[in-house]
Amino acid sequence: MKPERDAVHEGKNTMKIFASRRSRVAWALGSVLSALGIAAFVLYSTGAYASWRDQRSLDSACDGTLAQGGLDAALNSSHQRARADDPDYLASCLVNRPDTGRHGGALTIRLRWSNQSATLATLAPLGQNANGVKGQAAPLGSGWPGVIRYDGTAQVVVALECQNAKDKALLAYGDLIRWPEDAKETGPVLTGLGRVTTETAQKAAAKYGCRAKGGTRLTHVSPPVPARDMVPQSLSTARGSCAALVGLAGRAAEAGTPDAVEYPADRDTPQVNCYLFTPDRKPGYGLYAYYGALAKDFQSSGFTEHADDYVWATAQCPGSAQDAVFVLYRLYDRETGSYPVAHYSGRFARSALKAFADHEAKLRGCTGVHVVSRP
């Protein structure tokens, strides 16, 4: 009987060992779970998890092409998050601050190919050219084929012509849809928006196989001056975007527009503006030049439908299958419900546009300037 008692005793010992082991495993597992719980609590309570999650959203935003270098300045915050935005684009994302509701700060980046139909929102700024200076845009500078619009809201547009596909360009739109209310200066915010848009465009071009020429890193962006702050100068002293009309200063004065508001001369910008002003500082005529993808969009906007008095021209430019478009409008003043230039001079308008288009074409190496006859 002793062997049987020994076997029972050994069995009891084995069960005790297993129970002890289970107890230790359970204790260890409980300790691990407790540690994980504490770690999770720490991650949540300190914001570390939220920061990690937000960074992941930025890294994947806009199909992984979002450039983050200028985000801090554009949103005046070192904390941002992103999500997909508009499915109608090649890529699109909304970037905002976690505290957007209290302090503002939100922007969108949208990418599209030039052979993809433009949305109405994209074309809208191109259809306002006959209304005072609503259509104005300033060059980004630093070698970038882009512009900045600033009229209550801010928008940066970059058009990268694909050197390996002449009929194709990558367009990037950066819109500051909510201004960061705690930003003390506009300059850093607009420069940040410019950096985000240009660098995202360049990154996207590389990702999607568009061999394109960009510029250097933006360190300062000068937006268009709001209409109320414009100070016209004598057309005879023009040296920038209105320089082509210096020789017509006398005729411009006879036509009721002796002064001008111009922008820096820039051979890379896809949009050029020049405004002729009346003696009482009202914009009377507006001249515009559009190149490449922006010229295509401008024509798609139905630009001849938005004004009664205008003249336009085209030219063939290197590096793009799209003709450049030049147009002059007699401008309408919404404040007074009238035209600052009471009598439209078709002869002056045609001469001014031809001088403007010829000058622009020479700067860009374009040929075949043709003033289009209106029906």
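**View 1. The right-handed link of Cys-317 and Cys-366.** With 105° about the S-S bond, the link of Cys-317 and Cys-366 is right-handed. The two sulfur atoms of this disulfide sit 2.0 Å from S to S; a disulfide here is a pair of cysteine sulfur atoms within 2.5 Å. Cys-317 is in the loop between β12 (310–316) and β13 (324–330), and Cys-366 is in the loop between α9 (346–364) and β14 (367–371), so the pair ties together parts that are 49 residues apart in sequence. Helices (H or I, at least four residues) and strands (E, at least two) are DSSP runs, numbered from the N terminus. Cys-317 is buried at 14% relative accessible area, and Cys-366 is buried at 9%. Buried means under 20% relative accessible area, exposed over 50%, and partly exposed in between (1.4 Å probe, protein chains only).

You are looking at a predicted model, where local features need pLDDT of at least 70 and side-chain atom pairs count only at pLDDT 80 or more, while totals for chains, interfaces and linings use all residues. Residues are numbered from 1 along each chain as its sequence is written, and side-chain values use heavy atoms, leaving out hydrogens and water.

**View 2. The left-handed link of Cys-162 and Cys-210.** Here the angle about the S-S bond is -110°, which goes with a left-handed link between Cys-162 and Cys-210. Cys-162 lies in the loop between β6 (153–161) and β7 (169–178) and Cys-210 in the loop between α6 and β8 (233–234), so this pair ties together parts that are 48 residues apart in sequence. Cys-162 is buried, at 3% relative accessible area, and Cys-210 is buried too, at 5%.

**View 3. The disulfide of Cys-242 and Cys-274.** The sulfur atoms of Cys-242 and Cys-274 are 2.0 Å apart, and their link is right-handed, with 120° about the S-S bond. Cys-242 belongs to the loop between β8 and α7 (249–254), whereas Cys-274 belongs to strand β10 (residues 271–277). Both Cys-242 and Cys-274 are buried. A search of the whole structure finds 4 disulfides.

**View 4. Leu-66 in the largest nonpolar core.** This core has 69 residues, and Leu-66, Leu-107 and Tyr-329 have the most contacts inside it. A nonpolar core is a set of buried Ala, Val, Leu, Ile, Met, Phe, Trp, Tyr and Cys residues joined through side-chain atoms within 4.5 Å. Not counting residues up to four places away in sequence, Leu-66 touches residues including Leu-58, Val-95, Ile-109 and Val-196; contact means heavy atoms within 4.5 Å.
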